[in-house]
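I opened the notebook to look up a few strands, a helix and some side chains. My notes follow the model.

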Amino acid sequence: MGKNAKLKNFAFGVALALGCSAFGSAQIAFAEEALPEDGMDFALEEITVQGKRPIWEEKLSPGSVDVIRTEDFKGEQKTLADMLLTVPGLHVREVNGKGQYTTVTVRGSTAAQVGIFIDGVLANLGGDSAVDLSTIPVKNVERIEVYRGYVPSRFGGTFIGGVINIVTKKPETTNVSLEVGKSSYGGRKGSLELTAPAGAGSLMVGVNYESSDGDFKYKNYAAERQAPKYEAAIAENQQLIDNFNANNIDALVNGQVISLDQNQVDYYKANSDAWVGYVQGTGNESLSSDIKENIFTYYENKYGDAPGMFAQQLEAAGYKDAYLNAGWSENDWLDGVREDWLSNGGSDGIMDDAKKNAIIQEYANANVDKEVANWTEKVDPDQSKDMAGYRDAVEKNKEQLKKARDAYRWRKYNDYENGSAIVKWQNADWVIKGTYNKIDRHLPDSVWGGGDVYSAPTNNAVDIDDLYYYDSRRQKVESEGLMLQNRKQTGKLDIGWMIDYLHQDKNYVAEHINWDHYNMTDASSVPFREWSEYTSDKYNFQVDGSYKLSEKSMLDFQMNYSTERMDVDGSNLDKLINDQNNNSTTYAGLRNRYDQDIFNLQIQNSITLDDKGDWVLTPGIRYNQSKITGYSNGKNFDKNQFVWVKPKESQTDGKATWQLALKKRFDDRFTLRTTGGTYYRLLNMSEIAGDGAGILPPPADSSGNGSAFPVPEEGKQFDISAIMTNKFLGAENDTILTYFWRDSENMLQLVRKGKDYWCYFNDNKGTVRGLELQSNFKWSKFDLDLQVTYQKPDMQRKNSVAGYGYTDIWATYQPEWEGNVRLTYNPSEKVSMFTEAHYTDEYFTDSAKDMSSSEAAYLSGKPVADLTVINTGFKLKPTSNWQLTFGCNDIFNEAPKSKIRANIAGYPAGYINNEFPIQGRTYYITAKYDF
């Protein structure tokens with residue numbers, strides 16, 4: 001589809017949103033709206049964020065920041081991922097589908113380059129390549145802050161993409177609220193929230209539950225494209241069945257195995273029952289007796305052109321010695337045998353007809369019973385292995401054709417159940433918070449056939465059959481957290497400290513083991529295929545604050561230290577197998593424990609450069625350091641094929657980076673802002689030390705000498721924004737237009753380095769540039785929010801041969817265009833109606849880039865077609881206590897139709913599904929009551 005057509009699709013969604021009076025938008029508060037425009041006046045007024053913080057906290061965020069107020073979406077059953085779709089520059093990928101593993105990228109970053117914080121505490125665990133957004137509940141959340149480009153110093157670490165901070169509600173008034181909801185595909189939601197005074201502060205208790213059966217319907221494109229193939233296979237095998245007797249008659253007669261005249265041939269071909277009786281010996285004549293009568297002729301014909309098979313008999317009769325004694329070579333002997341055989345004797349008298357016939361007769365007599373048995377079994381429809389194979393092939397292909405003709409499937413193993421609880425006590429100085437989250441879900445099968453896009457065109461039976469040895473896979477994730485925070489303000493200093501603890505248990509088990517596929521896939525030796533357990537404990541201590549250097553200068557600082565331990569166990573983690581040389585080797589790297597220690601020190605200064613406060617400069621500097629240690633319980637690696645994996649290895653990385661922001665306010669209606677800086681992303685445990693199984697530390701060379709770990713990713717960024725506040729089309733309008741650019745080096749790429757393992761290498765680099773537009777309109781009864789992102793990434797990968805530079809590749813799962821529009825209509829305080837449209841441009845799923853032609857380059861990326869999803873709903877508040885919400889997401893059921901253009905060598909051209917289809921049209925209803 002051309003670019004114009006894609007934009008027309010999105011424009012249609014925008015037009016629909018604008019044209020329906022029953023629609024509208026939740027207000028997304030731009031950071032600039034919350035900032036006073038009277039310059040950087042650092043008066044120590046108070047505002048509560050986690051603990052007590054001054055109003056100038058928001059002024060210490062000089063870059064692009066959006067604040068999502070969850071209250072604006074209440075009743076809409078939106079997840080964290082759904083809400084993040086309303087922010088420009090963000091792309092949300094529901095990797096395994098709704099309720100499954102979900103990640104977010106910012107301005108073309110990878111998911112690992114985005115920091116996720118909850119109440120200022122980093123949620124990224126070292127054992128995870130990226131935070132799974134589906135595991136973070138938002139029911140008890142006040143707001144979600146999204147920082148892009150410049151990241152304020154109060155967030156530890158340097159994240160190339162940006163930072164998302166999820167701020168839980170502050171308990172203030174006494175209130176009890178109950179909310180329940182129902183949605184399509186067996187969706188159920190419920191929550192209870194209580195806030196009340198407690199001692200010198202206030203208490204909030206929240207309990208939440210969500211579940212879904214997840215069995216939505218979609219079309220399997222692989223099935224659709226395979227139907228002609230199965231039809232042809234059925235016809236071919238059926239023809240062999242139908243012509244089985246006639247083909248065998250011709251083979252027996254033409255091969256002179258039996259002697260039938262033409263009348264007999266015609267008779268038997270026309271009368272299959274008579275032929276079968278003849279074959280089975282139930283009639284007056286018998287195939288076996290006729291074979292015996294013709295056995296001499298049969299062997300003469302069969303071996304008349306293959307004298308080499310009888311050279312051994314001639315040699316035993318003494319002919320070879322005589323031939324060689326006459327001075328002929330070995331090759332001359334064989335040529336002479338062939339020549340004499342074919343000419344029924346020769347001038348040299350080595351073989352006359354009598355001798356030749358004697359050899360044939362001897363061989364025939366010795367093998368007559370065997371040949372009779374072989375032929376009678378072969379041509380008997382009830383005994384023939386060929387016939388059984390034809391019939392079996394027909395039945396199997398009929399079953400596959402049935403599946404292919406019914407290409408509409410119900411997603412299998414797509415259910416989930418989530419529960420969470422929060423207890424938070426807070427007063428002017430202290431915050432104590434405890435949380436509990438539990439995820440219990442099946443993991444759906446890949447529609448691609450185990451995650452390989454090249455297997456997708458033939459993966460016809462997915463969601464019908466259990467295709468692999470490990471099926472009905474279930475994952476359970478339980479996490480508990482505890483946070484204690486204190487803040488004090490003394491004169492010019494606002495300072496706080498915080499300690500927090502996070503524990504997580506992540507368990508996986510394949511409930512159904514398909515033993516028919518066990519040995520075929522070598523699954524008996526693959527680690528983690530049957531079960532795994534990951535246990536993490538993370539402790540964090542943080543000190544942060546702000547100091548008023550002068551009326552025009554505010555210093556903001558943060559220091560934090562965290563330590564995390566992750567223990568790993570799983571099936572076959574220590575299993576021994578034998579390699580080709582019969583050496584006992586461990587299949588995996590046997591990493592079963594990891595430690596990571598992180599230290600962050602960050603300082604920034606917000607400086608007002610003039611008396612009016614129109615110019616503000618914000619420089620910042622960071623130092624970030626990480627030490628990762630991997631253990632393998634002292635196991636012996638002397639004969640291990642992964643000789644570079646040691647019983648204990650560690651790596652320490654650290655570097656200083658900087659940021660700079662400059663803001664100029666021209667008047668109340670127009671402001672310019674620019675930021676820039678460098679980044680140094682500390683790696684997580686799995687990227688450096690592997691995951692204990694299929695992902696290993698990379699070898700420095702083919703022998704594994706000198707373990708070489710990946711190094712942190714680095715980069716630099718720049719953006720410039722124009723911020724405009726005005727009246728437009730009769731509405732109050734706020735618009736921000738931002739140009740951004742980022743360059744990244746040493747980007748990690750997961751590369752397969754052997755039959756059984758993968759490694760991370762710093763093989764990629766690239767740049768991304770783009771535009772973000774966000775505009776908010778407010779009329780008396782209508783609100784309109786529009787966000788559009790354009791980004792153009794250019795990626796390269798290091799060539800496998802050293803010194804040969806880089807090759808262009810596609811940036812995967814990064815749409816060039818993405819946009820969201822939402823319109824809200826508020827006819828009264830009791831009624832609110834909304835609609836929203838989200839457009840996602842096509843994007844590539846394979847990094848390979850065939851440069852032979854522009855079309856080849858495009859198709860080699862396996863592009864996903866663009867998608868426009870439109871949601872709508874309305875809210876009714878009959879009394880001050882009640883709110884009812886009715887809605888429908890993806891009203892045109894577009895998401896399950898999403899497809900990939902896949903011209904894959906060896907398969908018919910056409911479309912395949914996304915690896916994990918997404919559910920489409922979803923109706924929901926929510927009822928909330930405040931007591």
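These entries go element by element.

**Entry: the model.** I am working with a predicted model.

**Entry: strand S27.** I started with S27, residues 670–681. Is S27 largely enclosed, or open? I looked up burial for its 12 residues and found 9 of them buried, so the rest of the structure largely encloses this strand.

Next I looked up its partners. S26 covers residues 648–667 and pairs with S27 in the antiparallel sense, over 8 bridges. The two strands form a hairpin, with 2 residues between them.

Which strand does S27 join through 12 bridges? I found S29, residues 713–728, and the two run antiparallel. For the S29 pairing I wrote down Arg681, whose bridge partner is Glu713.

**Entry: Gln717.** I stayed in S29, where Gln717 is placed. Is Gln717 buried or exposed? Its relative accessibility is 5%, under the 20% cut-off, so I logged Gln717 as buried.

I then checked its side chain. It makes a polar contact of 3.3 Å with the side chain of Thr675. I also listed what Gln717 touches, leaving out residues up to four places away in sequence. The list has Thr675, Gly676, Gly677 and Tyr679, along with Gly149, Tyr150, Trp741 and Arg742.

**Entry: Glu94.** I moved to strand S5, residues 90–94, which contains Glu94. The side chains of Glu94 and Lys98 are joined by a polar contact of 3.2 Å. Setting aside neighbours within four places in sequence, I found Glu94 in contact with Tyr101, Thr102 and Ile918.

**Entry: helix H14.** I checked the length of H14, residues 385–405. How far apart are its end C-alpha atoms? They are 30 Å apart. At 1.5 Å a residue, its 21 residues should span 30 Å, so the two values agree.

I looked at the N-terminal end next. Ser384 caps H14 there, with a side-chain oxygen 3.1 Å from the backbone nitrogen of Asp386.

Then I looked up burial along the helix. The buried residues of H14 are Met387, Ala393, Val394, Asn397, Leu401, Lys403 and Ala404. What do they pack against? I found helix H4 (221–242), helix H5 (244–254) and strand S15 (408–410).

Technical notes. Residues numbered from 1 in each chain as written. Predicted model: local features only at pLDDT ≥ 70, side-chain atom pairs only at ≥ 80, totals over all residues. Heavy atoms only, no water. Buried < 20%, exposed > 50% of the residue type's maximum accessible area, 1.4 Å probe, protein only. Helix = DSSP H or I, 4+ residues; strand = E, 2+ residues; numbered from the N terminus. Pairing = 2+ DSSP bridges. Polar contact = N/O pair within 3.5 Å; in protein donor to acceptor, adjacent residues only side chain to side chain. Contact = heavy atoms within 4.5 Å. Expected span 1.5 Å × (residues − 1).
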